[in-house]
Amino acid sequence: MGRAAEILGTTPAFLRSLGKAKLIEPQRSEGGHRRYSRYQLRLAARVRELVDQGTALEAACRIIILEDQLQEALRINAELRRQD
């Protein structure tokens, strides 16, 4: 977790808050350390960007979830168009 926080320029507490908000649920190593995927780090970086701009953490997490859902819907739509 410390390394992930360092990469993002944030604190471990910020990453824990993303877990509490259920935006990011990292895998755990055998030793119990949190392991973040690149995708999760990208989400965390986007949340940090929004929070730095003055968006409340809960609102930033909701925005990220909606952005992710929109991207998935656009991907599915494009795939369906290719099938026609």
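**Exercise 1.** What volume does the largest pocket have, and which residues line the largest pocket?

*Solution.* The model is predicted. Step one: the volume of the largest pocket is about 150 Å³. Step two: its lining is made up of Met 1, Arg 3, Ala 4, Ile 7, His 33, Arg 34, Arg 35, Tyr 36 and Leu 41. Step three: sorted by class, the lining holds 5 nonpolar, 1 polar and 3 charged residues. Step four: at least two lining residues come from each of α1 (2-8) and β2 (34-35), and α1 gives the most, with 3 residues.

**Exercise 2.** Find how many residues the largest nonpolar core has, and which elements supply them.

*Solution.* Step one: the largest nonpolar core has 18 residues. Those with the most contacts inside this core are Leu 15, Leu 18, Leu 23, Ile 24, Tyr 36 and Val 47. Step two: α1, α2 (12-20), α3 (38-52) and α4 (57-83) each supply at least two residues of this core. Step three: α3 gives the most, with 5 residues.

**Exercise 3.** List what Tyr 36 touches, leaving out residues up to four places away in sequence.

*Solution.* Step one: with those residues left out, Tyr 36 touches Met 1, Ala 4, Leu 15, Ile 24, Pro 26 and Leu 41.

**Exercise 4.** Is Lys 22 buried or exposed, and where does Lys 22 lie?

*Solution.* Step one: Lys 22 lies in the loop between α2 and β1 (27-28). Step two: the relative accessibility of Lys 22 is 63%, so Lys 22 counts as exposed. Step three: phi of Lys 22 is near 65 degrees, a positive value in a residue other than glycine. Most residues other than glycine have a negative phi.

Technical notes
Residues are numbered from 1 along each chain as its sequence is written. This is a predicted model: local features need pLDDT of at least 70, side-chain atom pairs count only at pLDDT 80 or more; totals for chains, interfaces and linings use all residues. Side-chain values use heavy atoms; hydrogens and water are left out. On a 1 Å grid over the protein atoms alone, a cavity is a set of points where a 1.4 Å probe fits but cannot get out, and a pocket is an open set with protein on both sides within 12 Å along at least five of seven lines; lining residues have an atom within 4 Å of a point. Grid points are joined across faces, edges and corners, and a volume is the space filled by probe spheres set on the points. Helices (H or I, at least four residues) and strands (E, at least two) are DSSP runs, numbered from the N terminus. Ala, Val, Leu, Ile, Met, Phe, Trp, Tyr, Cys and Pro count as nonpolar, Asp, Glu, Lys and Arg as charged, and the others, Gly among them, as polar. A nonpolar core is a set of buried Ala, Val, Leu, Ile, Met, Phe, Trp, Tyr and Cys residues joined through side-chain atoms within 4.5 Å. Buried means under 20% relative accessible area, exposed over 50%, partly exposed in between (1.4 Å probe, protein chains only). Contact means heavy atoms within 4.5 Å.
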